[in-house]
Amino acid sequence: MPEIEYRVPQQRRLVTELPGPRSAALTERRRNAVGAGVASSVPVYAADVDGGIVLDVDGNALIDLGSGIAVTSVGASDPVVVKAIQDQAAHFTHTCFMVTPYEGYIAVAEKLAELTPGDHAKRTVLFNSGAEAVENAVKIARVATGRRTVVVFDHAYHGRTNLTMAMTAKNKPYKDGFGPFAADVHRVPASYPFREGLAHDGTPISGAQAAQRAIDQIDKQVGAHNVAAIVIEPIQGEGGFIVPAEGFLPALVDWANARSMRSSSRLVRPPASGVPVPGACAGSRTSMSTET
């Protein structure tokens, strides 16, 4: 692998207290100009980001453990990405694909079809955010099935719009005081191997058993014939970085497909799914989060 050249030295270095004077001054300006509902995790302000280092406005070099909430997986200023943005901006920044389409949209859809698992036919629509993608996946599933109920899981995070807040499990900081929320959303237990109890025979609960537990609850409390879609994160993030037990996801997909539901992954479309890719792909070039 060729050695990567960085603009910013890849090491942590502090030259002021945190926050430094320029960050403190920006915080004062922010109080007068930015709504209080927008919170930040750290009290410093970025001036440059390269590789795994954030350089703040006071010259402090900090390790970037946030990565834009796990978005900038190739770095925040990778030269290839920078050049692609510069080249595109030199031609046009926006037309709205629904008004005047362009080749780049099609090329992204083709690349997603190439990279994502499965040899079935794949089609993609692109949205502005994960929450918007989830909402559209739900709309598509409801129209396709003629059903209304959406099944989600404990510890889930799906967004901050009204529908996706209803689908999200955690109350604070996402939902508290913002109701009432959208109806026809039903939550069931997920597979959580680290914190699961044991089965009746004293062995760990398997993925298949965890899936059957969720399915039994759906059958009893919702009715499978009422379910339009099952929406799940293949690897939960906000809930604590939870990888389900092996066999959990395939069992849910098989059960949903047998009942003409739409089994939707929030991160990447699973095999035999009937909805488009909602949100960003999670994984490396050859390994997707649905392949767990």
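At 1% relative accessibility, Phe248 counts as buried, where buried means under 20% relative accessible area, exposed over 50% and partly exposed in between, with a 1.4 Å probe and protein chains only. The model is predicted, so local features need pLDDT of at least 70 and side-chain atom pairs count only at pLDDT 80 or more, while totals for chains, interfaces and linings use all residues. Residues are numbered from 1 along each chain as its sequence is written, and side-chain values use heavy atoms, with hydrogens and water left out.

**Aromatic pairs**

- Rings of Phe, Tyr and Trp (its six-membered ring) pair if their centres lie within 6.5 Å, with planes under 30 degrees apart counting as stacked, over 60 as edge-to-face and the rest as tilted; by this rule the count comes to 5 aromatic pairs.
- Phe97 and Tyr105 are stacked because their ring centres are 3.8 Å apart and their planes stand at 15°; Phe97 is partly exposed at a relative accessible area of 26%, whereas Tyr105 is buried at 16%.
- Phe153 and Phe248 make an edge-to-face pair, 6.0 Å centre to centre with 80° between the planes.
- This pair links distant parts of the chain, 95 residues apart, with Phe153 in strand β4 (residues 149–153) and Phe248 in helix α8 (residues 248–258); helices (H or I, at least four residues) and strands (E, at least two) are DSSP runs numbered from the N terminus.
- Phe153 is also buried, at 1% relative accessibility.
- One aromatic cluster is formed by Phe92, Phe97, Tyr102 and Tyr105.

- Lys175, in the loop between α6 (162–167) and β5 (185–188), is buried yet has no salt bridge, and the nearest side chain of opposite charge, Asp176, is 9.7 Å away; a salt bridge is a side-chain nitrogen of Lys or Arg within 4 Å of a carboxyl oxygen of Asp or Glu.
- The side chain of Lys175 reaches the backbone oxygen of Met165 at 3.4 Å.
- Lys175 lies over the face of Phe181, at 5.5 Å from the ring centre, the rule being NZ of Lys or CZ of Arg within 6 Å of the ring centre and within 35 degrees of the ring normal.

**Backbone geometry**

- Most residues other than glycine have a negative phi, and most peptide bonds are trans.
- A cis peptide bond joins Leu18 and Pro19, with omega about -5°, and another cis bond runs from Gly179 to Pro180, with omega near 0°.
- Phe241, in the loop between β6 (227–232) and α8, has a positive phi of about 55° although it is not a glycine, and at 70% relative accessibility Phe241 counts as exposed.

Terms used: Lys, Arg positive; Asp, Glu negative; His and termini not counted. Polar contact = N/O pair within 3.5 Å; in protein donor to acceptor, adjacent residues only side chain to side chain.
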